[in-house]
Amino acid sequence: MTALAPAAGNTAPGWVWPLDGSAWDRDPQLSADERAVLVQAGPRLFHSSRLSRTERNALARLLGPLEQARSCLWILDKAGHHRWVDYQVVGILLARTAEAESAWWSWDQTAWTRLIGPDAQEWSRQWPTQASPACRPRLLAYAYLLGAPVDEALFLCFERLRLARTVFGPQIVDREVDTVYGLLRGWGYRLETAGNHAVRTLIAHAMLLNHSPLLTDMDAALLERLRQAVRSTRRASGDMHSLQRALAGLDPGSWTRVMRLAPA
């Protein structure tokens, strides 16, 4: 598994892919010391904050990338609760590492889907009752930043706007969303109704698929992937035309032919 790079064409200031994993040791095989600590810690792995300094030192290769991912997440501190969720997320990853007897660098899409849970029911079946429900979307955010082979269908299981704000930052996500909304309002779209939250969700979904929050990184191929994702839910996709029109308004030359050929 390779680290994700910023999408091609990213020239706007103020955003780059937040993690540089070039120095990470991605060997999926656990060392003897790592294996010993994972076995000895047992149930304590789920409460990762309780690991001793010696244990944490032995697991430093595994904990380092997780700490870097955590530091990149954009989460408001609500009385420290989010930090406790992070401890649980790390514990879940360590517990599954012990179970799989390999580091997550070797896990395939199926393994990650099982870890995160394709639905809330599966999540509840495999993890202890004390696991916070907030761990599930947080796990997806960690996997996303680590460049894990996440099934993109999982995005549909979560609040995509919140997820995009968590991994890219609320300021840049809201700025790009506001750019689209500004264009649409100028064309007479009524965007203050509850139903138009769907446009925000589509923009956030496009960002997640593209591994970039920048509108300038979006193209026709990305919108086709987004359209297919929406169709998989069997919901109406009329809002796709609004997003496509707004992107065309930002760069009329490159989108003219696409607008003529694409369905409304």
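**Figure 1. Trp105 in the loop between α4 and α5.** In this predicted model, Trp105 is found in the loop that runs between α4 (81-100) and α5 (109-116). Despite that loop position, Trp105 counts as buried, because its relative accessibility is 6%, below the 20% limit for a buried residue. The charged end of Arg26 sits over the ring of Trp105, 4.9 Å from its centre. Look also for Pro149: it lies 44 residues from Trp105 along the chain, yet the two C-alpha atoms are separated by 9.6 Å.

**Figure 2. An aromatic cluster that includes Trp105.** Here the view takes in the other rings of the group. Trp24, Trp104, Trp105, Trp107 and Trp112 form one aromatic cluster. Across the whole structure, a search finds 9 aromatic pairs.

**Figure 3. The tilted pair of Trp123 and Trp127.** These two tryptophans make an aromatic pair with 6.2 Å from centre to centre. The angle between their planes is 50°, and the pair is classed as tilted. Both partners can be checked for burial: Trp123 is buried, since its relative accessible area is 6%, and Trp127 is buried as well, with a value of 10%.

**Figure 4. Arg245 over the face of Trp187.** This close-up shows a further arginine placed over a tryptophan ring. Arg245 lies over the face of Trp187, at 4.3 Å from the ring centre. Readers may like to set this view beside Figure 1, where Arg26 has its charged end over the ring of Trp105.

Figure 5. Leaving aside residues up to four places away in sequence, Phe168 touches the aromatic residues Trp15, Trp17, Trp74 and Tyr144. Its contacts also include Val173, Met207, Leu208, His211, Ser212 and Pro213.

Figure 6. Most residues other than glycine have a negative phi. The phi of His211, by contrast, is near 55°, a positive value. His211 counts as partly exposed because its relative accessibility is 21%, and the limit for buried is under 20%.

Figure 7. Leu38 has its place in helix α1 (residues 32-41) and is buried, with a relative accessible area of 3%. Not counting residues up to four places away in sequence, Leu38 touches Leu30, Leu45, Leu59, Leu94, Thr97 and Ala98. Glu101 is 63 residues from Leu38 in sequence and 9.2 Å away in space, C-alpha to C-alpha. Glu101 is found in the loop between α4 and α5, and its phi is near 60°, a positive value in a residue other than glycine.

**Figure 8. Gln171 in helix α9.** Gln171 lies in helix α9 (residues 170-186) and counts as exposed, with a relative accessibility of 69%. Its C-alpha atom is separated by 9.9 Å from that of Trp74, a residue 97 positions away along the chain.

Figure 9. Cys135 is buried, with a relative accessible area of 0%. Cys157, at 37% relative accessibility, counts as partly exposed. How many disulfides does a search of the whole structure find? The search finds 0.

**Figure 10. The overall setting of the close-ups.** The protein has 13 helices and 0 strands. Of its 264 residues, 45% are buried. Among contacts with a separation of 6 or more, 66% join residues 24 or more positions apart. The protein exposes about 13,100 Å², of which carbon and sulfur atoms supply 52%.

Notes:
Residues are numbered from 1 along each chain as its sequence is written. This is a predicted model: local features need pLDDT of at least 70, side-chain atom pairs count only at pLDDT 80 or more; totals for chains, interfaces and linings use all residues. Side-chain values use heavy atoms; hydrogens and water are left out. A disulfide is a pair of cysteine sulfur atoms within 2.5 Å. Buried means under 20% relative accessible area, exposed over 50%, partly exposed in between (1.4 Å probe, protein chains only). Contact means heavy atoms within 4.5 Å. Rings of Phe, Tyr and Trp (its six-membered ring) pair if their centres lie within 6.5 Å; planes under 30 degrees apart count as stacked, over 60 as edge-to-face and the rest as tilted. A charge sits over a ring if NZ of Lys or CZ of Arg is within 6 Å of the ring centre and within 35 degrees of the ring normal. Helices (H or I, at least four residues) and strands (E, at least two) are DSSP runs, numbered from the N terminus. Accessible areas come from the Shrake-Rupley method with a 1.4 Å probe; for residues, only the protein chains shown count as cover.
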